[in-house]
Amino acid sequence: MALFDLPPWMVSLLLAPFGLVLGSFGNVLIHRLPQEEPADRNVITKASHCPGCKAKIKPWHNVPLFGWLWLRGKCAACGWKIPFRYPLVELLTGLLFAASPWVFPFGTLIWFKGLVCGFALIVLFFTDFTEMMLPDVLQFPLMVLGVLLTLPQIFRPEALVNVWSGQNTLLQTLTFHNGLQPAPAYHGFEPAVTWQASLIGMTVGYGVPALVNQLYKWIRKADGLGMGDFKMLAWLGAFWGWAPMLGILFVGAALGAAVGVPLMLLRRSNGQTMLPFGCFLAVATPVIVFFGRALWLGYLGWMA
Ligand SMILES: [Zn+2]
C-alpha cells in the first residue's frame, strides 16, 4: 500500500482534516449524550442547532475551527456565546490525528486503537467535566471493542506493513500488533495485549467494583457509588490490559489527590466536593500508554 509508505508529516497533513471533522462530531456527542430526554440524545439524524436560540446552523458556519473563528465565537442568529470548548475539542481531535503517525505506526492496529482511545478520552473528559457523567452508550461498546481488537493478532500474527521510522527509513512492523510502546518513536514494542489480559482488565475494572457496589446496596439498602469511573477503567483495561489499567488508576488517583486536596482546603469543604474522576483517568491514560513501562522500571530501580 503506497499510502502507508508516505512520510509521517505528509500523513499528518492528510489526517488532520478528518480529525477536525470528527472533533466537530465529538462536540455533538458531548452536548447531546448527557441530555435527559431520549429525543435530545439523538446524535445521528438531528441537524446542528444553536443551544441558545435553536436556529439551524448554516453549513459554512459549521466548518470545524474556522466556523468558530469566522463567527468570532458567537451564534450568527442570536449572539449566544459559543463556549471555548467547541473549538478546543475540534483542535484537540485534529492534533490527535496529526500526531498519531508520529507515535503509532500508521496503518497498524495499534494506530487505530490509539485514535479510538484518544477520541473517546476527549469526549469523556468533557462530558465528565461539564455534566459529571460518563455515558454508558459510549463505554459499553468500548469494552467490547477493546476485547475484539485483541483478536486479529491471533489469526494474522505474521501480517506486515511498511512504516517510517524516526531516521527517515522505511521499516516493517506487525500490522496487528496491539501492545504499548514508548513515545516518541516506535522502535521498541511492548508485548501485545492478549485477549486474556484484555478480559481480565475489563473484569477487574468493572466487575469487581460492581459486585462490591451491589453488596453495599444490599447491606446498607442505600445508593452505591456512581459506576461511570469503573466502566471507564473497564474499557481502558480491555484496550491496554489489566496492568496498564491499574497504572492508569494509580496515576489518576494521584492527580485527583493533587488537585482535590488543595481545593478542599481552599473551600474548607467537608469532603462533599465531587471531582470528575473521569477527567483524571483521561489525563493519566496517555502517561501510562507512552511512559508506563519507563515509570514502572524506574520505580523498581528506586525500590532496589
Ligand atoms: Zn443562537
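This is a guided tour of the structure, stop by stop.

Before you start, note that this is a predicted model: local features need pLDDT of at least 70, side-chain atom pairs count only at pLDDT 80 or more, and totals for chains, interfaces and linings use all residues. Residues are numbered from 1 along each chain as its sequence is written.

**Stop 1: the whole chain**

Show everything as a cartoon. The protein has 10 helices and 2 strands. Helices (H or I, at least four residues) and strands (E, at least two) are DSSP runs, numbered from the N terminus. Follow the chain from the N terminus and the order is α-α-α-α-α-α-β-β-α-α-α-α.

Switch to C-alpha atoms. They fill a box of roughly 55 × 55 × 35 Å along the principal axes. For 304 residues, a compact globule would have a radius of gyration near 19 Å; the protein has 21 Å, which agrees. That radius is taken over C-alpha atoms, and the globule rule is 2.2 Å times the number of residues to the power 0.38.

Now colour by burial. A residue is buried if 20 or more other C-beta atoms lie within 10 Å of its own, exposed if 12 or fewer, and partly exposed in between, with C-beta atoms placed from the backbone. Of the 304 residues, 37% count as buried.

Contacts come next. Two residues are in contact if their C-beta atoms, placed from the backbone, lie within 7 Å. Among contacts between residues at least 6 apart in sequence, 67% join residues at least 24 apart.

**Stop 2: two domains**

Select 1–103 and 108–304 in two colours. These are domain 1 and domain 2, with bounds from an automatic or database domain assignment. Their C-alpha centres lie 24 Å apart.

Look at where they meet. Here 19 residues of domain 1 are in contact with 20 residues of domain 2. On the domain 1 side, the elements giving two or more residues are α1 (8–32) and α3 (85–103). Helix α3 gives the most, with 9 residues. By type, the domain 1 side divides into 14 nonpolar, 3 polar and 2 charged residues. Ala, Val, Leu, Ile, Met, Phe, Trp, Tyr, Cys and Pro count as nonpolar, Asp, Glu, Lys and Arg as charged, and the others, Gly among them, as polar.

**Stop 3: Gly23 in α1**

Select Gly23, which is in helix α1. Is Gly23 buried or exposed? It is buried, because 26 other C-beta atoms lie within 10 Å. Draw a C-alpha to C-alpha distance from Gly23 to Leu91: they are 68 residues apart in sequence and 7.3 Å apart in space. Leaving out residues up to four places away in sequence, Gly23 touches Pro64, Val89, Glu90, Leu92, Thr93 and Gly94.

**Stop 4: two loop residues with positive phi**

Go to Leu65, in the loop between α1 and α2 (66–70). Its phi is near 65°, a positive value in a residue other than glycine. Leu65 has 16 C-beta neighbours inside 10 Å, so it counts as partly exposed.

Then select Arg72, in the loop between α2 and α3. Arg72 is not a glycine, yet its phi is positive, about 50°. With 8 C-beta neighbours inside 10 Å, Arg72 counts as exposed.

**Stop 5: helix α5**

Select residues 136–148. At 1.5 Å a residue, the 13 residues of α5 should span 18 Å; the end C-alpha atoms are 18 Å apart, which agrees. The expected span is 1.5 Å times one less than the number of residues.

Show side chains. Gln139, Leu142, Met143 and Gly146 are buried. They cover an arc of only 105° around the axis, which puts them on the same side of α5. The arc is that of the directions from the helix axis to the C-beta atoms. Turn to the other side of α5: Val137, Pro141, Val144 and Leu148 are exposed. What covers the buried residues includes α4 (109–131), α7 (195–220) and α8 (228–240).

**Stop 6: helix α9**

Select 242–267. These 26 residues should span 38 Å at 1.5 Å a residue; the end C-alpha atoms are 36 Å apart, which agrees. Buried residues of α9 include Trp242, Met245, Ile248 and Val251. Their cover includes α7, α8 and α10 (277–303).

**Stop 7: Arg293 in α10**

Finish on Arg293, found in helix α10. Arg293 is partly exposed, with 19 other C-beta atoms within 10 Å.
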